[in-house]
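Welcome! Here is a short briefing on one protein structure, written to be read with the model open beside you.

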Amino acid sequence: MASSKGLIFAIIFAVLTIVKPSEAALDAHYYDRSCPAAEKIILETVRNATLYDPKVPARLLRMFFHDCFIRGCDASILLDSTRSNQAEKDGPPNISVRSFYVIEDAKTKLEKACPRTVSCADVIAIAARDVVTLSGGPYWSVLKGRKDGTISRANETVNLPAPTFNVSQLIQSFAARGLSVKDMVTLSGGHTLGFSHCSSFESRLQSFSKFHDIDPSMNFAFAQSLKKKCPRSNRGKNAGMVLDSTNSVFDNDYYKQILSGKGVFGSDQVLLGDSRTKWIVETFAHNQKAFFREFAVSMVNLGNFGVKESGQVRVNTRFIN
Ligand code: HEM
């Protein structure tokens, strides 16, 4: 019975995946001749940075998501602001995206090994895969050949989904990037890693609505523990909450937490309250293997969005050539 159920889910996911359009002609072997050491250099850089700072994996995974969502995966998130232009990096949702130095470090090494060859956008995509695998999650073959963007605008970060979004808004936001409902629920599983500041979820903890002080979809004891972490006064700048109980391990705990009303963001918990997404949350909460398999597929889909196949390979991550 359990295995026939598993087979049915596998077929549904396969159908959802097949109908997904893929815009870019990227290639898993893109640097095989031009820079055969590329992936090894990136992996070593990311691994060393993670040993030194365990926050690196979550930050690099989120960086990839934000980069792809704003102008397609083109490393526009790495560009510095100038006197006449405030860049994405300095847009409000990106202020807490850190660890840019890890990508810069990998790129510096790549420029020595194979100058002007590996794009910054590909470095982010490979690093995002590596941090997932290093944290215990799946491995997948990253498609490569992206070129780097030359435009980066802070005001475009308003287009990132907000933690207050309902399911329809989430679906719409992902669909605008060619991503399915399945991709959306699966990629939200990125919240198996990392941390959130109080400001991202505290609207759920007081004056939530006309009828409820606390978001009623939230486990009551969990809400009390979040309130304790986020006192209104005397709060440190880094006050907040880990996104799941095993937040340095890539696993399916995020979905289990949602089942028990312990999703940190409204946008996490709403996935259980809508028939379009509930079944996916339940599947992943019970079947980590299915989550891992689908996460790999959805990360490739995310990495295909808005890819530039012509343009420049930036020499410096922070400036256009
Ligand atoms: C579905 C829509 C999403 C929303 C509304 C959302 C929102 C957020 C918010 C508000 C934070 C906390 C920021 C802070 O307070 O510091 C966060 C953190 C994070 N998000 Fe998302 N996110 C979404 C999807 C994703 C996706 C698709 C990924 C990756 C595949 C992802 C990966 C992460 C990670 C790893 C963190 C922790 C970052 C850290 O510890 O520094 N998120 N997200």
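His191 is buried, because 25 other C-beta atoms lie within 10 Å, and 20 or more is enough to count as buried. Keep in mind as you read that this is a predicted model.

- You can find His191 in the loop between H7 and S1.
- Leaving aside residues up to four places away in sequence, His191 touches Leu243, Asp244, Tyr254 and Asp268.
- UniProt lists His191 under "binding site", in an unreviewed entry.

**Helix H7**
- Is helix H7 largely enclosed, or is it open? Seven of its eight residues are buried, so H7 is largely enclosed by the rest of the structure.
- The buried residues of H7 are Lys182, Asp183, Met184, Val185, Thr186, Leu187 and Ser188.

**The shell around the ligand**
- How many residues surround the ligand? There are 24, and the closest are Ala58, Leu187, Gly190, Gly194 and His197.
- Helix H3 (56–71), helix H7 (181–188) and strand S1 (195–197) each supply at least two residues of this shell.
- H3 gives the largest share, with five residues.
- Sorted by class, the shell holds 13 nonpolar, nine polar and two charged residues.

**Where H4 meets H5**
- Helix H4 (residues 100–113) packs against helix H5 (residues 120–134) at an angle of about 120°, and their axes are 10 Å apart.
- The crossing of these two helices, H4 and H5, is right-handed.
- On the H4 side, the contact is made by Val102, Ile103, Ala106 and Lys107; on the H5 side, Cys120, Val123, Ile124 and Ala127 take part.
- By class, the contact of H4 with H5 has seven nonpolar residues, one charged residue and no polar ones.

**Asn238, for contrast**
- Is Asn238 buried or exposed? Asn238 is exposed, because 9 other C-beta atoms lie within 10 Å, and 12 or fewer counts as exposed.
- Asn238 sits in the loop between helix H8 (220–229) and strand S2 (240–242).

Note on methods
Residues are numbered from 1 along each chain as its sequence is written. This is a predicted model: local features need pLDDT of at least 70, side-chain atom pairs count only at pLDDT 80 or more; totals for chains, interfaces and linings use all residues. A residue is near a molecule or strand if its C-beta atom, placed from the backbone, lies within 6 Å of it. Helices (H or I, at least four residues) and strands (E, at least two) are DSSP runs, numbered from the N terminus. Ala, Val, Leu, Ile, Met, Phe, Trp, Tyr, Cys and Pro count as nonpolar, Asp, Glu, Lys and Arg as charged, and the others, Gly among them, as polar. Axes are lines fitted to C-alpha atoms, for helices over the stretch in contact, and angles run from 0 to 180 degrees between N-to-C directions. A crossing is left-handed if the near helix is turned anticlockwise from the far one by less than a right angle, and right-handed if clockwise. Two residues are in contact if their C-beta atoms, placed from the backbone, lie within 7 Å. UniProt positions are given in the numbering used here, feature names are shortened, and annotations may be inferred rather than shown by experiment.
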